[in-house]
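Please look at the sequence and the model below first.

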Amino acid sequence: MSQAILHDDGAEGARSVAALHVVDINDQQSRAENAVAELLTALGRDVTSEHLADTPRRVAASLLEMLTPRDFAMTTFPNDENYRELVLVRDIPFHSLCEHHLLPFRGVAHVGYVPGDRLVGLSKLARVVELFSRDLQVQERLTQQISAYLTEQLAPRGVGVVLEAEHLCMTMRGAQSAGATTTTTAFTGVLAKDNAMRRQFRLAGADLPA
Ligand SMILES: [Zn+2]
């Protein structure tokens, strides 16, 4: 952070918050590295070998990256033309970490809304999916959180969220059901009440569940 920005923001407050953040991230990285080394040792692996020497650092950095959403501004615009139909963005790719096994689940999100007085930049729908998917999650909660956030931010007439994902904890271990996907849905407002409107969501998304 430059001196100019520190000065503009009111010096000490900005400086101390920034410094705290840096220390916190470094502390997380080094604690996670130690924990990964301990985990590998517990699994009977030799972390002093040349092959594994840098693995704890890489694993810790990967996990921190996957659990940290990028900042974004939820830009909205007035709905001056009074658009009252469905806005749907299909096939938004996402990945998350299952909170029960720390294994990835990944797939696509279809996110739509029927506007009230505000519209949102379309790319922001993908950023909202990322905001909640970069966390330890279950697919059901992720679906609800995306829906609730859009409802809170946009006060739309309705929201529809459909997630389709493959869970590696289900396809690579346990049931070992390779290729199985899980679908979760959240429909609110007119998309929950109005069958014709929900059918529109399904038709626009062709193969989505009703
Ligand atoms: Zn799992």
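## Basis of the model

The model is predicted: local features need pLDDT of at least 70, side-chain atom pairs count only at pLDDT 80 or more, and totals for chains, interfaces and linings use all residues. Residues are numbered from 1 along each chain as its sequence is written.

An open sheet with mixed pairing is built from five strands in the order 5-2-3-6-7. Strand 5 (136-137) and strand 7 (182-187) each have a single partner strand and stand at the edges, so one side of each has no neighbour in the sheet. Helix 5 (residues 139-154) packs on the sheet and touches strands 2 (87-98), 3, 5, 6 and 7; its direction makes about 155° with that of strand 6. Strand 6 (residues 158-167) and strand 7 run antiparallel and are joined by six bridges. Gly 160 has Phe 187 of strand 7 as its bridge partner.

Helices (H or I, at least four residues) and strands (E, at least two) are DSSP runs, numbered from the N terminus. Two strands pair if DSSP finds at least two bridges between them. Axes are lines fitted to C-alpha atoms, for helices over the stretch in contact, and angles run from 0 to 180 degrees between N-to-C directions.

## Tyr 113

Tyr 113 lies in strand 3 (residues 104-114). Tyr 113 is buried because it has 27 C-beta neighbours inside 10 Å; the cut-offs are 20 or more for buried, 12 or fewer for exposed, and partly exposed in between, with C-beta atoms placed from the backbone. Not counting residues up to four places away in sequence, its contacts (C-beta atoms within 7 Å) include Val 87 and Leu 150.

## Ala 35

Ala 35, in helix 2 (residues 12-42), is partly exposed, with 14 other C-beta atoms within 10 Å. Its C-alpha is 8.0 Å from that of Pro 56, 21 residues apart in sequence.

Terms used
Contact = placed C-beta atoms within 7 Å.
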